[in-house]
Structures are given as C-alpha cells and as structure tokens.
Amino acid sequence: MSAILREGNEGDIGAIMEVMVRAFDPAYGEAWSAGQCLGMLSLPGVWLSFAEESGHTAGFALSRLLIDEAELLLLAVDPDARGHGVGRALIERTVAIAAGKGAHRLLLEVRDDNPALELYRGAGFGEIGRRRDYYHGADGTTRDALTLARPIDMDRPVALSTAR
Ligand SMILES: CC(C)(COP(=O)(O)OP(=O)(O)OC[C@H]1O[C@@H](n2cnc3c(N)ncnc32)[C@H](O)[C@@H]1OP(=O)(O)O)[C@@H](O)C(=O)NCCC(=O)NCCS
C-alpha cells in the first residue's frame, strides 16, 4: 500500500488528533493538544505534511523553519499504518520542503529509548546533543532527550517521496 502525501492545514486538525492520541506513549505526555497544534500552525514558517492511505489518515509531520534551520516538531504514524514506509516518507518530504525553504539542516528532539531512533538514524540523522532527564514518566522515571540533526545539501534538489 502506498500513502498519498500532501500539505496539511488547520482543517486537518481533527484527523491529526485522532492519530495523535493513538500514536504517542501516554507515559511521557508527548502528545500535543489541538490548541497547541493550531497555535503552532498559526505561526510563520510552520508547515504540516499529511499522509493518507485508502482515505484514512496514516500520519503527519509538523515542522518549522527558524532562520536557516528547520525543526521537525512532531512525527506520528497511526499504529495501523506502521512498518511500510510512511514515517520515512514523511521525513523525506519534510527534508525536501525544508531544503526548498533554504534550511541547511533539519533538527529534532527524541526520547533516548524511543524506537523512532532507528528510523531517524536510517534517515541520516546523527546525535548532536543530549539533555539529561528531560522526559519525566508517569512512573517517576526520567529519560534523556537526544537532539538529532541531518544536514541538507542545498546544492542538490531533494525529491518528494511517497511511502512504498
Ligand atoms: C516512529 C514512527 C513515526 C515510525 O513510523 P513508520 O511508518 O512505522 O516507519 P517506517 O515504516 O517508515 O520505518 C522506516 C524504518 O525505520 C525503522 N523503524 C521504524 N519504526 C521502528 C521501530 N518501532 N523499531 C525499530 N525500527 C523502526 C526501521 O528501520 C524501518 O526500516 P525498514 O523499512 O527497513 O524496516 C511511528 O512508530 C510512530 O508514530 N511512533 C509514535 C510517535 C513517535 O514516537 N514519534 C517520534 C517522536 S520524536
């Protein structure tokens, strides 16, 4: 199955929230509220990539440009749509759009035990920083936050990809 990727907007907030509540581990409170998403979307330099499969929301990526760097703020794929390239396709689309906006690298922050690290490493991200005990779990444990970065080669156009 292949996903259709497109630009999203405020009108997609209901679909995004359905994926949001299903995707993120509630133990760390990583999911954003609809108000937080809408507030971010109203800011300049913020964009949403939206993935659909067979008419259903498969996932989304929320990103922003800060001067000459882009930041991937949220990436989520619905549990029913995982494991066949939607996450990777959303990252590649984010890289392509960031390149078009003139960013020279894409940054993100991730909990150090999140399986998404495999996806990010495979997509060319490397660790550039660590915040100790940044995430506080519901059970009282803490986890570090890793800051990852992927360079964007602005001399080479990046193709917008689709999931396989
Ligand atoms: C992380 C997430 C976005 C991955 O989405 P996905 O569509 O399943 O990812 P893909 O199918 O594109 O995976 C691409 C590669 O990433 C790796 N990968 C993805 N999920 C993985 C997991 N849970 N464990 C190990 N490796 C994983 C695999 O190497 C995979 O490569 P393969 O195709 O050779 O197997 C999804 O699991 C998710 O929404 N998680 C919850 C939200 C979250 O934690 N987001 C990141 C916060 S920073």
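1. His 84 sits in the loop between S4 and H3. The model is a predicted one, and the contacts described here are computed from it. The His 84 side chain has a polar contact of 2.7 Å with the side chain of Glu 53. The His 84 side chain also reaches a backbone atom, the oxygen of Arg 82, at 3.4 Å.

2. The sheet comes next. It is an open one, made of 7 strands in the order S1-S2-S3-S4-S5-S7-S6, with mixed pairing. Strand S1 (4–8) and strand S6 (126–136) are the edge strands, each pairing on one side only. On average, and with direction ignored, neighbouring strands of this sheet are turned by 25° against each other.

3. Helix H3 lies across S1, S2, S3, S4, S5 and S7. Relative to S2, H3 runs at about 145°.

4. Strand S3 (residues 56–66) pairs with S4 in the antiparallel sense, and 8 bridges join the two. Within this pairing, Gly 59 stands opposite Val 77 of S4. A salt bridge is formed by Arg 64 and Glu 71, whose closest N and O atoms are 3.1 Å apart. Arg 64 has a relative accessible area of 22%, so this residue counts as partly exposed. Glu 71 is also partly exposed, at 23%.

5. S4 (residues 69–77) runs parallel to S5, and 4 bridges join them.

6. Leu 107 has Ala 149 of S7 as its bridge partner.

7. Ser 49 belongs to strand S2 (residues 46–53). Is Ser 49 buried or exposed? The relative accessible area of Ser 49 is 1%, so Ser 49 is buried, the cut-off being under 20%. Leaving aside residues up to four places away in sequence, Ser 49 touches Arg 6, Gly 59, Phe 60, Ala 61, Leu 90, Arg 93, Thr 94 and Ile 97. With Arg 93 there is a polar contact between side chains, at 3.3 Å.

8. Charged pairs deserve a separate point. Side chains of opposite charge can pair when their charged atoms come close. The whole structure holds 16 salt bridges. One of them joins Glu 109 and Arg 131, with the closest N and O atoms 3.1 Å apart. This pair links distant parts of the chain, since Glu 109 is in strand S5 and Arg 131 is in strand S6, 22 residues apart. Both partners count as partly exposed: Glu 109 has a relative accessible area of 28%, and Arg 131 has one of 42%.

9. Which residue forms a salt bridge with Arg 130? The partner is Asp 112, and the closest N and O atoms are 3.5 Å apart. Here too, distant parts of the chain are linked: Arg 130 is in strand S6, and Asp 112 is in the loop between S5 and helix H4 (116–122), 18 residues apart. Arg 130 is partly exposed, with a relative accessibility of 37%.

10. Arg 130 and Asp 112 also belong to a network of salt bridges.

Conventions
Residues numbered from 1 in each chain as written. Predicted model: local features only at pLDDT ≥ 70, side-chain atom pairs only at ≥ 80, totals over all residues. Heavy atoms only, no water. Pairing = 2+ DSSP bridges. Buried < 20%, exposed > 50% of the residue type's maximum accessible area, 1.4 Å probe, protein only. Polar contact = N/O pair within 3.5 Å; in protein donor to acceptor, adjacent residues only side chain to side chain. Contact = heavy atoms within 4.5 Å. Axes fitted to C-alpha atoms, helices over the stretch in contact; angles between N-to-C directions. Salt bridge = Lys/Arg side-chain N within 4 Å of Asp/Glu carboxyl O.
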